Amino acid sequence: MPVPVVPYSEVDVLVIGAGPAGLMCANALANARVNVRIIDQRAVKVAAGQADGISPRTIEVFQSYGIAERLLRESVQVHQAAFYNPSPSGGIELTSRAPDVTAPSARYPFEVALHQGAIESIFLDSMKELGVEVERSTIPTSIEISKDENELADPASHPVRVALKRTNVPEGEPEEEIVHAKYVVGTDGAHSWVRKQFDISMDGEQSEFIWGVLDMVPDTDFPDIRNKSLVHSNHGSALLVPREQDRVRVYMQLEDKDIINPTTGRVDKERMGPDELLEVARRSLYPYKLIPTTGILWSTLYIIGQRVASRFAIKNRVLIAGDACHTHSPKAGQGMNASMNDAHNLAWKIALVVRGWAEPYLLSTYESERRKYALDLIAFDKMFSTLFSGKPLTEENSDGVEPEHFMKTFQKFGGFTSGIGVHYGPSIAVLDKNQDLASGLVIGERFPPYQFIRAADAWPFEIQDLLPSDFRFKLVVFTGDFSDRLQQARVKSMVADMQKPECFLKRYATGKNSASPRFDIITISKGRKEGFDFLQFPTLLRSHWSKLFIDDVDVTRSFGGEGYSHYGVGPEGALVVVRPDGYVGAIAPLDRVEELDAYFGSFMKISA
């Protein structure tokens, strides 16, 4: 018999694993028109359970891809957190309530909850419109990176060889395929096959805490069942999160005696099924009742390892993201958010390199930015888990967790848990200078929301909606008061500098158009809409009538008009570079355009 020929193919990016991180990555790359494929060993997508909490920053990221509307429509908003502690009668009692999100600049001052399968469906439908679908029942069997340094240095090469095997192919079709990829992204979970192939260690420690999880539609007299509830009881801790369709998720702390087999000393999941988990939850919530009306919809156990991968990239050709490179407890609600934001950080960098717009070493900033975040997350998670899982302060337990301390910790770290306060340190992608020109736009942090008035038609716009994830750098030009003659002269001098051949706008222009698709200029002027003439501005600052805005109140005088002071921008104005992922990359004065030339020159490539 003839030996069957194994099909061979090439692709820009192969994503291995179709969980939230993989889908965020594939959807982003599909939006960038990068040739991407995504595979998953599972025959079908997640139907229920798994992760379910989306933080305010992640909602902003969804909005930047145009998919937040569906997320907000299908999910439950969580605005308030309730704190319960032991009561004198032996049960629990309400200690306090507080806002669930405490980050003052959150555009969406709430979390949303929706089961992972529904979140994945949002990505799947978005990708399908772009011609990308998950190739299911497909497993990688081998992966190799070329050892040829010339090939690795060639951005047009496909130096990663991956062998794939399909487990449910129709008869007569090949089971195997060899894929040669420019880049491979491993988003294949905590037990990542990709990570193991390259002997990447997971550094950290196994937590002493074991948690169970239940999803149900409850019949209960617990008064905070529709708020996020953090419960410390004498029978263990519990976390309740409201969900879509009247559902509630209950996380509960388990004791070793409930779950450890005394003979083997190992975790025995058979000892703690859904019924046993329900009893643990009821003990923690006593004296309140908790009765599933339609049975237990989903359950699982978490044995938490707080670990971070020793590296996130191999030769910047194979990269790992999500649970493949960091694992932690579910209680701070960061797992899926951290994973999707890894992919958001990585995708634009891969896209620019694949397009030939950026040097391959830009990809090094993925590990430097996201690994530091992961380490910070683990440090926070250890502290928060210890507080959450610790025994409450009582007369019998003087070393216990004080309710006030726990609530203050919850609020203190609101910027971190919301994703709003994530900060990327100095690198080729973060130029840490001139912060004083815009003190409210922190270099290395996401560009915060504010509403400005479009000059041409007085239509108010949220500035984040002017900064979509379209893989362009945005140059936000704060011109100051253009009606002031001295300031107008400064602005015109800046425009002249930007039109020089050596300026980044010209140097990195693509094709015949000097208005490069790598950049989008958004102009924000001081002024009043009643007497404002946007046609007085140089054409560069109004490439389209919709690109010029005024820092003024809206026509109802309800909001706006304080944007300059909100962002800490003085009358002299400022140039602010916003990266494709929505983070502030650089700030420069109007008369120092060359500082931005140097910033872009550190990683951008001139078009061939």
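Which helix gives the largest share of the lining of the second largest cavity? I looked it up: helix 2 (residues 56-64), with 4 residues. Helices here are DSSP runs of H or I, at least four residues, and strands are E runs of at least two, numbered from the N terminus.

Housekeeping: this is a predicted model, where local features need pLDDT of at least 70 and side-chain atom pairs count only at pLDDT 80 or more, while totals for chains, interfaces and linings use all residues. Residues are numbered from 1 along each chain as its sequence is written, and side-chain values use heavy atoms, with hydrogens and water left out.

Cavity entry. I found 4 cavities of 30 Å³ or more (a cavity is a set of points, on a 1 Å grid over the protein atoms alone, where a 1.4 Å probe fits but cannot get out; lining residues have an atom within 4 Å of a point).

I traced an open sheet of 7 strands, order 23-22-26-25-24-27-28, with mixed pairing (two strands pair if DSSP finds at least two bridges). Strand 23 (460-462) and strand 28 (584-588) are the edges. Strand 22 (residues 451-454) runs antiparallel to strand 23, joined by 3 bridges; F452 has F461 as its bridge partner.

Methods. On a 1 Å grid over the protein atoms alone, a cavity is a set of points where a 1.4 Å probe fits but cannot get out, and a pocket is an open set with protein on both sides within 12 Å along at least five of seven lines; lining residues have an atom within 4 Å of a point. Grid points are joined across faces, edges and corners, and a volume is the space filled by probe spheres set on the points.
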